[in-house]
Amino acid sequence: MEMEEKNFRVADLGCGDTELLRLLKVYPCIQLLVGVDIDEEKLQSNGHQLSPYLGEFVKPRDLDLTVTLYHGSVVERDSRLLGFNLITCIELIEHLDSEDLARFPEVVFGYLSPAMIVISTPNCEFNPLFPTVTLRDADHKFEWNRMEFQTWALQVADRYNYCVEFTGVGKPPAGAEHVGFCTQIGVFQKNTGKATQSCVSKPLDHHVYKAVYTTSYPSLQQERMLKFVLVGEVLIQVERLRLRHGRMLREQKREADTKPDSSESSPDPHLVLGAVFTEAEKDRIENSPKPFCEGDKFFVPLKRLLAYPKLLRFQVDEDKMRALISESVCLSSDGSAVVVDLHNSWDYRPEDN
């Protein structure tokens, strides 16, 4: 399943140290990440690692992201986990006793019923390659071989209208290929076009988990963050254009002093900014209103700014841009252009003379 759609929601059951959640939060399409674990103390101690960093405020995500950690059992039904795209259960099922293991498919496949489920569990056939051959963790209730896991997985998939593919991680050393992967993985995808056999009722206000930690990430969907980033990018782009325009004027003056009859054309100074543009981007920029000077002021039309890829990506029109930047930059009397001084005292450097 490709993670391309917006509002992609992922839950990690038995999230433990939250390492997987920290890896997943970098995917821009994910807007909700949930972790569930029976160990409340571990959740409380690891929650802070999911907080946004300073750099994520300076360069926010395009889409909102909320991360929530719940204390509770994976065999309890909580309606806040309904409608997820993906549920992961990494090294989880071997920690369940026989009663909970029997309830696990009913809750995860039958009740939660996400589009995809990924389950990993140790492959006990690999264990003889370790120094000891006992269970890999003292809390493990069992460890299955490949046949046992695949038999269980196929039965669950058939019952709840999923298909399953098997893979794994941790290749064995040369000469021991017959034992398979160290960890075996089942990737379950819900079948489409066929009614699910589950008749589990799903009240939407059934909340049994305790929220231990939650945080929200800054994003361009939040107007204050959009304004902050947009203003910064506008100022950067205007300054680049101003410097380029000033350099062009000095070059023209030198050429006029040495070659008074020169009529050679030069590239558009407001296009060549050290960036690499596609032909379509060049056409869009060249067809937009050009920056211009009036006295000692330099004007950059908003339409011109919106033609540049770094500003176009914000998906705002001219009116929206004007409303967002008007309190932070100087605009022309009609509001159609950003206005700055043409010259600053720090512009002229020895290499420019």
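1. Two strands are taken to pair if DSSP finds at least two bridges between them. In this predicted model, strands S4 and S5 meet that criterion, with 5 bridges in the parallel sense. One of the bridge contacts joins Cys89 to Ile119 of S5.

2. Helix H4 belongs with these two strands: S4, H4 and S5 form a β-α-β unit of right-handed sense. H4 covers residues 98-112, 15 residues in total, and its first and last C-alpha atoms are 20 Å apart, close to the expected 21 Å.

3. At Phe104 the bend of H4 is about 25°, and a proline, Pro105, follows within four residues. Both Phe104 and Pro105 are among the buried residues of H4, which also include Asp100, Leu101 and Tyr111. After the helix comes Ser113, with a positive phi near 45°.

4. Strand S5 is mostly covered, with 7 of its 7 residues buried. In a regular strand, side chains alternate between the two faces of the sheet. In S5, Met116, Val118, Ser120 and Pro122 point one way, whereas Ile117, Ile119 and Thr121 point the other way, and all are buried.

5. S5 has a further partner in S7, with which it pairs in the antiparallel sense over 7 bridges. Here Pro122 stands opposite Thr183 of S7.

Terms used. Residues are numbered from 1 along each chain as its sequence is written. This is a predicted model: local features need pLDDT of at least 70, side-chain atom pairs count only at pLDDT 80 or more; totals for chains, interfaces and linings use all residues. Side-chain values use heavy atoms; hydrogens and water are left out. The expected span of a helix is 1.5 Å times one less than its number of residues. The bend at a residue is the angle between axes fitted to the seven residues ending there and the seven starting there. Buried means under 20% relative accessible area, exposed over 50%, partly exposed in between (1.4 Å probe, protein chains only). A crossover is right-handed if, with the strands pointing away from the viewer, the path from the first strand over the helix to the second runs clockwise.
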